[in-house]
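Reader: I want to learn how to read a model like this one. Where do we start?

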Amino acid sequence: MIRAFFAVILAGIVDFFGGSAFPGGRLYFGFVLMFVLARQRNTSATFGACASYGLLLDILHPAFPFGTFTLAHAVLAAVLTGAGARSAGIDSKRLYAAAFFAVFAYALFLELSLQAASGLFGGLRTPHIFSAGFFRALAISSATTLLGAFAAAYAFHALQGFVRRRFFIRS
Amino acid sequence: MLKKKNLIAPVALIALIVLYHATPLSEPIQWFRVPLIKAGSPVYRAARAIRQWENGFFHARALAQRVTLLEQSVSELTYALAGASGSADPPQEELAAVTIPANVVAQNAAGSERTLLLDRGTEDGIAKGAAVATPQGVFVGKIISVFTHTSLVRPLTSSESAVAAQTSRDSRVQAVVRGQRGLSLAMELIPQDAAIREGDVAVSSLLEENTPVGLLIGTVATIAYDEGDLFKEAALAPFISLGDIGEVMVFSPVSRVGE
């Protein structure tokens, strides 16, 4: 739980501050982490991660009314915990496609939540949300996020293996 | 019993949101923003470095050509400036403003638009509506929200942005520059008899509130005009891309500083 909390805070910081450097202008590493937790059927950690990530974005994002991200991620937590059992059954061949569609759906859901919040409570207006360029940006961002997440997971496993061999296994 | 336990966290979150809006709890929550921004700004700098490296790696040839063109443009402008310094244009009223240096710490995309987050706020004298430019004098946008330690900039390329502009060659040519879906700029309401041509530089006008005259906006790329229309319209090529912006200057009007 604590590990998930720190990982999601780190992912949130990378998503918020680093997203603009990549094609599409957005990153969703936080969601990938929540998706992984839901796939492991770790309900309390999934909810904690969603709430922490939403709260972090609310604190960092001054353009939208406070609570927009928290509420959106609370709804997401409910959806993810419900879908967690189903996603756990997806075989590894279909996992990449499923993960891409999940990230894309999350990105769309988040943008619609921001649109709804700014329409209802004021804040930054986000016009042209249904333009082709907007959907292209979301698709590119989703693909970039997944590539980054797989690269990070691979690097983490490689580092973990190296540390284990170097420091813990003596022949 | 289990259901009651599950309800505690959602209820606590909703209570936090309600308290934020209904009580002065918003201030203590904003305190968290400063350390988070301090922790995150190296990530933004690293992301900018990655972007610049990627640009250099994949677009080196195009960049070299662009540098040549820009050098040519700089020499032409320097020549024009030297000529203009001797002319007898009527003196223009300058904006009494305090320039506050700030750093862009994040860029956020929402819909098709982007906003820039600055690490300076009301405590540093920044006011809503203040103009923001790069240290080189390129107009970036205007402040749309100010908080204690941070502020938010709407760039000129945003669809919601509209600023009064003129051409550097003839200050009598007054028009409005609007953002185009966060990507480009269009100069509208140019009088049909205005002497404007491709390559002219659009700068901020005296008519624009809280903005110094002469901040660079863009270069006229194409001009559209149909017979019988009252106004011409020009497409502008912006001087910089949003991704390249790191340090900026905020022009806060003197009267607002310290309010």
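Predicted model: local features only at pLDDT ≥ 70, side-chain atom pairs only at ≥ 80, totals over all residues.

Reader: What ipTM and pTM does the predictor give the complex?

Author: The ipTM is 0.77 and the pTM is 0.78.

Reader: Where in chain B is confidence lowest, and where is it highest?

Author: Read pLDDT as the predictor's confidence in each residue. Chain B averages 80, and 88% of its residues score at least 70. Helix α4 (residues 60–84) of chain B is lowest, with a mean of 73. Strand β3 (residues 131–133) of chain B is highest, at 92. Residues 88–93 of chain B fall below 50. Beyond near neighbours in sequence, that stretch has 3 contacts in the model.

Reader: Which pattern does chain A follow along the sequence?

Author: Chain A reads α-α-α-α-α-α. That is 6 helices and 0 strands. Its radius of gyration is 17 Å, close to the 16 Å from the globule rule for 171 residues, so chain A is as compact as a globular protein of that length. Of those 171 residues, 44% count as buried.

Reader: Now one helix. Where does α3(B) bend?

Author: An α-helix has 3.6 residues a turn, so residues three or four places apart point the same way. Helix α3 of chain B covers residues 33–58. From first C-alpha to last it reaches 36 Å, close to the expected 38 Å. The bend is about 30°, at G40(B), and the proline P42(B) follows within four residues.

Reader: Which residues of α3(B) are buried?

Author: They are I37(B), G40(B), V43(B), Y44(B) and A47(B).

Note on methods. Residues numbered from 1 in each chain as written. Chains lettered and ligands numbered in written order. Helix = DSSP H or I, 4+ residues; strand = E, 2+ residues; numbered from the N terminus. Rg over C-alpha atoms; globule rule 2.2 N^0.38 Å. Buried ≥ 20, exposed ≤ 12 C-beta atoms within 10 Å, placed from the backbone. Expected span 1.5 Å × (residues − 1). Bend = angle between axes of the 7 residues up to and from the residue. pLDDT = per-residue confidence, 0-100. Contact = placed C-beta atoms within 7 Å.
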